[in-house]
Amino acid sequence: MNIGFVGLGIMGSPMAANLLKAGHVVTGYDVSAERVEQLAGLGGKGASSVVEAVGGADVVITMLPDSPQVEEVAPLVIEYGRPNLVYIDMSTIRPETSRWVAREAAAAGVRALDAPVSGGERGAIDGTLSIMVGGAPEDVEAGRPILGILGTTVVHVGPAGAGQTVKAANQLVVGGIYGLVSEAIVLLEASGVDATAGLDVLAGGLAGSRILELKRHTMVKREFTPGFRIDLHHKDMGIAVAAAREAGVSLPLTGQVAQLVAAARAQGHGSLDHSALLKVIERLNT
């Protein structure tokens with residue numbers, strides 16, 4: 001297939017590379033010319049604009065930072081995409097934005113899906129992302145062959161916007177686990193216990209999680225090279241809090257985690273990995 005890919009950042013670049021490896025023709029665009037050149041170096045085609053990336057594509061994927069960027073790019077995809085185009089937005093944005101995109105797309109004969117992902121940079125590189133998909137069942141099936149290259153878990157969770165609601169739930173859980181792992185490290189170290197050994201035990205028991213599996217050693221070493229930045233998790237926690245308000249439910253722990261993530265950003269850690277929530281918990285104890 002001819003695939004247009006808009007947004008070649010930490011997540012988008014390896015995802016586009018995996019589509020190339022699978023034999024698809026990928027035309028990519030990003031505001032960073034360097035990232036476009038990197039895609040071309042892998043055998044993809046570089047585009048100088050969104051319109052160029054979209055033209056002639058069978059499938060268009062967008063992987064953008066936030067709702068405003070999607071609101072800017074989506075009309076171009078819809079206007080310049082070919083009839084019956086499958087448009088998969090894999091950004092993490094507000095559910096209402098995804099519903100708006102779906103309405104605009106349907107009116108133009110474009111099949112839109114919201115398909116945010118979980119798994120971080122490692123999952124994007126390995127093609128093992130968990131993908132939560134909102135949209136019409138027949139459109140999900142049309143996009144499934146492409147999504148199956150990018151992730152090992154691809155689940156249709158409901159109509160337009162549902163994928164974003166599930167992603168909000170994912171991010172509140174991830175943020176909460178990072179907060180608790182951070183507290184566990186602080187407790188272990190303050191008690192004179194080897195935190196590495198302690199977390200190894202936790203990872204093998206009921207407290208085990210993907211976060212403990214992938215991040216416990218780097219957290220103990222205070223290595224916070226970004227796989228997913230605090231800045232983006234701060235945005236996502238805002239989406240989760242807003243979704244709770246829209247649904248009319250109280251999520252007290254989510255609110256507390258959102259404040260801890262906001263504190264990390266306010267303390268200047270926005271460019272670090274979200275595991276840097278540990279720095280906030282440490283600061284509370286110094």
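Select A168, Q171, L172, V174 and G175 in α8, then H233, D236, M237, I239 and A240 in α11: these two sets meet, contact being heavy atoms within 4.5 Å. Six of the contact residues are nonpolar, three polar and one charged. Here Ala, Val, Leu, Ile, Met, Phe, Trp, Tyr, Cys and Pro count as nonpolar, Asp, Glu, Lys and Arg as charged, and the others, Gly among them, as polar.

This is a predicted model, in which local features need pLDDT of at least 70 and side-chain atom pairs count only at pLDDT 80 or more, while totals for chains, interfaces and linings use all residues. Residues are numbered from 1 along each chain as its sequence is written, and side-chain values use heavy atoms, leaving out hydrogens and water.

Now show the whole of α8, residues 162–190. Helices (H or I, at least four residues) and strands (E, at least two) are DSSP runs, numbered from the N terminus. The axes of α8 and α11 lie 9 Å apart, at an angle of about 120°. Axes are lines fitted to C-alpha atoms, for helices over the stretch in contact, and angles run from 0 to 180 degrees between N-to-C directions. The pair is therefore oblique. Angles under 35 degrees count as roughly parallel, over 145 as roughly antiparallel, 65 to 115 as roughly perpendicular and the rest as oblique. The crossing of α8 and α11 is left-handed: the near helix is turned anticlockwise from the far one by less than a right angle.

The contact includes I230 and V241 of α11, and T254 and H269 of α12. Its residues divide into nine nonpolar, four polar and two charged.

Next, select α9 (residues 195–203) and α10 (residues 210–220). Their axes are 10 Å apart, at about 170°, which makes α9 roughly antiparallel to α10. Among the contact residues are L199 of α9 and R216 of α10.

Finish on the strands. How do β5 and β6 run? Select residues 86–89 and 111–114: β5 and β6 run parallel, joined by four bridges (pairing takes at least two DSSP bridges). I88 stands opposite L113 in β6. From β5, the chain passes through α5 (residues 95–107) to β6, in a right-handed β-α-β crossover. With the strands pointing away from you, a right-handed path from the first strand over the helix to the second runs clockwise.
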